[in-house]
Amino acid sequence: MEKDKVVDESNVCHVCNGDVGQAHSCLTCHRFIHIFCGTQQDEEGYGQKAICKDCSDVQIVNKPVEKTTCTTKETPKAKRPWDWKQCGLSQQKSSSQIPEKVRKTSSTEKGVQQKFVCIDCLEQSLQGKTDERFAQICRLDNTSIKRHISRWHCPPKSESCRFVPSNSIQVQVLRRKYDKPKIIQSSSNTNKQAPRQAPQPLLTESGEIESLCDVETRQLNDKKGQDISELQQSKDEGDDSDSIGSSSASTTVKMQSTLLQFGTCQSDNDRTPVTLEKVMEAIQNLNIKVDDIAKKHSSLAHLACEDSDTSKAIRRLKSAENIIQIAEATNLLEWFYDEDEETGILRCLPCFQLYMASRPNLANLTPLRAQRLLSSSSSGTFATGILLKKETTRLLIQGHNSRWYTQKNSCLEHLCLIGTGSNIHKKAMDEYKRNLQIEQRRSTAAMNIFRSVIADLKLGAAAQHVETLISLLASCSVNVGCIRHCRKNVKDILYCLEKTVNGRILKWLSTPLPSTMIPPHYWATIDKSTPSRTTNQATLIVARDENGIPNPIPVAAPPVYSEFDVASYEKMAEMLLKVIQDNFSTDLQARLCAVSADGPYQANGFRGKPLEKLGIEDNELALPVIWDAAHILNLAVLDVKDSNTDSGQHFRRFVKRCNVFNTILANGKGFAFLQLTDSSARRPVSYACQRFASSSYEQWEKIEKSFASYWQAFDLLYPNRREDEEYQYMIAGSDFIMDLLAFLDTMKPVVDSMLRVQSLDTPVWKLKLWWPSIKALMAKASNEYPVSLPKLNKVMGSLKAGCTYNAVTLLPGWLITNVEGCGGNKTYTWSLRDDEDIENDHVQFAKDLMTAVENRVLSVTSSAFLSVLEVFDAQSLVNLQCGRMVEQEIEFQIPAGEYDNYGLQQCKEVMKIISQMQHIKESGMDFDPRLANRFMRCLKETVLAGVWKGLCPEWFVDDKNRPVQQPSDAVLKEFKIHLLMRCLRWFSATEKETKFAYTNRTCTSHSTLTKKSTPSQNHQLASSLT
């Protein structure tokens, strides 16, 4: 007996699949187990013997199974839960709780061990649907029966599962039934005969099963009786020549009827007519049977090639040249390389996942550890992982050698289901595909639920109709799953979306740019707002991509007052850095180069906290906190509007008169009359004090374009108005039209500047560079009234009382200036505004507005800071290239020494700040300030090549904004220099412009006055810098 022992060297308990020592082993199979995984036999202590749970159910004394059919339907008494805590107390309990055991007999005493089969599974295997070994079962204990039902019955139904011995009569009859095919014979009378039925075993009156001989004898006697009855029936019918000698056509019809009736014997009177539906049904049934026969007799290799995924993987695998390309060729094979030991592991993913289904702890192990655990005594298989030694791994990586071709052939055979392990791989592939389908269904359901949530948010319903949208999708047969349909999950869904988007943004921000070989820098803009009841600090960062295009990225909007504390500048600065760290990473904070915000963030305390946190030396160029350009211009307008000066009163009076249109015609009856009058008229809006002046400027433009429709709707709305009705003088007075046109002309440079600086391409310091040109335009509005105001100057002569403007008769400029009394005893004081009053009001307003804007713009940046930034401005670099070409040499307008020294000092200051940044030091880039000369020289040469050598044709565009080449000596063309940093939009041919032109290979820069330039002089063709 000692020689027959089989000792398992592994350290895994085969009962619970957990790690186990060598203290306890099974008395029957001699494998190491936990003491609580079996029934204790000896005294308690180290080395105590036990019988494992699998061996304890090997032999169970039951009734003879040859005479009865065993079903798996369990009764409440048959269910016996196993508790390892009570195994040691087996001596104290009655023996009725433990099944009766018999001594395990040797192979010489009982011969081959009795085996059982499942009748349903055996029949499916004989039909070619499954493998026959799936129908076999070793023991008829509850554990084996449950395991068989859970594996091979889907869905598990124990009521229809029958087990009989493998050599029983039922098995023999079933095999005989599928071994002999059905034969359809035709008789002389009916031309058809039912196919022979396989002998079915019957139970006798005593409950015993008939033997095979008895079954065949009974069926033979029944057949003889049937033949005798058919013969007697044919004699009674007579020897009619028509019925006996039927034609071939009638025989064919009867044969078709035989196929349609599926071999059932019927008389001529009971035969149903042949229809097209029955013919198609018979053909479909024949196709199904042929497919079943082909599937039954096809090989596993042929079945593997029928799989599209496997066939594609095989084709790609054949073209692989080394082991590394195998993993790239298919997802079915995995390749792992250990750099420390220089070994590799090659394994099949579906087969390994089949292992993990029974042992989930393998997912937490490394590939090498899992391979050693599953195959401790061999190199392993594709399922456990093939361990490749150092020399073998080197040859497989090298490729094109005998070892590589052998391994490649093994991979192909494994995927083609050839050789050892083909059945396991076939089962693993089926499970792998099933898991992929399940995962695909889950992914589709999650995506549909996510889209429902997003659609609900777009509707502004705040997740109130998520269930309704999901129910609508479910009613349309859309896959939405069975769980997570509540609106409470919306927050979790949006959280997952936010994390996914932040991960992709972080990946993009961490990718080095091709031009600098380091990740992009970014600047942040922040502002406080109270959209509902909570005050939040919205944070947005802007980074440029490889093409120089700025990309805004919203980060977060955390609440400001989360604690009982004052929202100080240091706290808001810490909040800015924290949201960047929480949503992206800590390393991203070092690439913050500037902050753009409004007034509350301009304090020194706010800027000092990021400098301290990031370890940056305090310098004016290091991490500047600059004004938001649109805010600074809007504050200048508010300074005039809210002041107590004459200009402020004039501004507020004009805004009040413009809001009359919104009060009367924006809603209700007034709006209906406006639509009936002119359906194309724009709906009037009010002046929004909480918004920028650029948005409120649109109110004035709507009034100018739809003034005739507004007055017509007002006239129809109040046909019987009194002469002293104030509204008619407020909206139709001649002074109002003059004020409207004058405000449109005066405010246009400020509004255009505000719209321009709101672009992400335009930094705030550009506003200070543009201010001299803007100031010149605004000075004209005050010094040259009304000539410098084009809209007002065009109709100035016709804006009198009694004259018409846009088909509207203008009224005198009467306005109520004072109201005394109360109730019905009010006294109104009227005053008439003449042309002189209107001119004085507008001249003073233009002067005060210019002064307010200048004070705000000059405080944006210091002169020293602006001088550094101006050096790197695109317009300044292009201006530097003006000159002429003489004998292939360029003579610049400025002296050569001044050209060479341009921007050197400013570049040194910038490089000094850059060299102190931590991430620049870690990148290894050399930004020594002493190299400023080389850096500026490269920058000048680049711009020179773009201007003079035509390397940047996109800088020059024609009137249709199409790029053109640099003009030659003989042909002069008008062109525009198109730069990223463009000047103001309102620069036109009638205003001051900066001109660039080529004249016989000469690039010059000059200025023109208010008159339109004529480029014919000196043969110069010029165009404005946009």
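**Arg607 and its surroundings**

Author: This is a predicted model. Leaving aside neighbours within four places in sequence, Arg607 is in contact with Asp618, Asn619, Glu620, Ala622, Leu623, Pro624 and Val625.

Reader: Which helix is Arg607 found in?

Author: Arg607 belongs to helix α21.

Reader: Is Arg607 buried or exposed?

Author: Arg607 counts as buried, because its relative accessibility is 18% and the cut-off for buried is under 20%.

Reader: What does the side chain of Arg607 reach?

Author: It reaches the backbone oxygen of Leu623, at 3.1 Å. There is also a polar contact of 3.0 Å between the side chains of Arg607 and Asp618.

Reader: Next, α20. Which residues are buried there?

Author: The buried residues of α20 are Lys571, Met572, Ala573, Met575, Leu576, Leu577, Val579, Ile580 and Asn583.

Reader: What covers them?

Author: The cover includes two helices, α19 (490–509) and α21 (604–614). It also includes the strands β10 (522–529), β11 (536–544), β12 (550–556) and β13 (592–597). Helix α21 is also where Arg607 is found.

Reader: How many residues does α20 have, and what does it reach from its first C-alpha to its last?

Author: Helix α20 covers residues 569–583, which is 15 residues, and reaches 22 Å. That is close to the 21 Å expected at 1.5 Å a residue.

Reader: New topic. Which residues touch the most other members in the largest nonpolar core?

Author: Those are Trp700, Met747, Leu849 and Val853, in a core of 72 residues. Helix α28 (residues 734–757) gives the largest share of this core, 13 residues.

Reader: What does Leu849 touch?

Author: Not counting residues up to four places away in sequence, Leu849 touches Val637, Val640, Thr746, Met747, Val750 and Met778. Another core, of 27 residues, lies apart from the largest one, and Phe865, Met911, Leu944 and Val947 are among its members.

Reader: And the chain overall? How many helices and strands?

Author: The chain has 37 helices and 25 strands. Of its 1026 residues, 36% are buried.

Reader: What share of the contacts joins residues at least 24 apart?

Author: It is 60%, taken among contacts between residues at least 6 apart in sequence.

Conventions
Residues numbered from 1 in each chain as written. Predicted model: local features only at pLDDT ≥ 70, side-chain atom pairs only at ≥ 80, totals over all residues. Heavy atoms only, no water. Helix = DSSP H or I, 4+ residues; strand = E, 2+ residues; numbered from the N terminus. Buried < 20%, exposed > 50% of the residue type's maximum accessible area, 1.4 Å probe, protein only. Contact = heavy atoms within 4.5 Å. Expected span 1.5 Å × (residues − 1). Core = buried A, V, L, I, M, F, W, Y, C linked by side-chain atoms within 4.5 Å. Polar contact = N/O pair within 3.5 Å; in protein donor to acceptor, adjacent residues only side chain to side chain.
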